[in-house]
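Please read the following report alongside the sequence and the model, which are shown next.

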Amino acid sequence: MLTKGKFSIKYGKIEFRAKLPAGGGTWPALWMLGNNIDAVGWPACGEIDIMEHTGNQLNKILGTLHYSGRSGGNADSSSKIISNATTEFHIYSIEWRADFINFYIDNQLFKNFKNSTTLPFNQNFFLIMNCAMGGGLGGAIDPNFASSTFEIDYVRVYN
């Protein structure tokens, strides 16, 4: 799902309740990009990865920010291990303000980022929900992988 050109937000609380797919090579993500991506490109537009998970690192949840000077393998990232990301629903959220972006799993803070006017996180962002297979972070796809399900119970946005 992509809300580009349909919905965007600047600051607030963004919350997803999701159960993640299982299997080597799965790479589900709940994330955001700056509305100005077409004008300035990536990573200058900014990227907020509210939740990323890879089936090859089961139950390791990432919260990551990409921006100029801190992108790709050099992004500003934190992780938290939870015991049942693929078998139970969890709430993945951020609280986003002009001075900080906090990342939560089930309302438990696991990453605090100091935002500032020099960073791209002070403009409208649109939402993306997707599940990639393989890739640089997703890793090798299990040759026995047949299918899995990425379930989103709800998305809530508070401004």
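What percentage of the contacts in the protein with a separation of 6 or more is accounted for by residues 24 or more positions apart? Such residues account for 67% of these contacts, where a contact means heavy atoms within 4.5 Å.

## Basis of the model

This is a predicted model, in which local features need pLDDT of at least 70 and side-chain atom pairs count only at pLDDT 80 or more, while totals for chains, interfaces and linings use all residues. Residues are numbered from 1 along each chain as its sequence is written, and side-chain values use heavy atoms, with hydrogens and water left out.

## Fold and dimensions

The protein has two helices and 10 strands, taken as DSSP runs numbered from the N terminus (helices H or I, at least four residues; strands E, at least two). Along the sequence their pattern is β-β-α-β-β-β-β-β-β-β-α-β.

The C-alpha trace spans about 45 × 30 × 30 Å along its principal axes.

## Burial and surface

Of the 159 residues, 47% are buried, meaning under 20% relative accessible area, whereas exposed means over 50% and partly exposed lies in between (1.4 Å probe, protein chains only). The protein exposes about 7500 Å², and carbon and sulfur atoms supply 49% of that area.

Val 157, placed in strand E10 (residues 151–158), counts as partly exposed because its relative accessibility is 32%.

Key. Areas by Shrake-Rupley, 256 points an atom, 1.4 Å probe, with all protein chains shown as cover.
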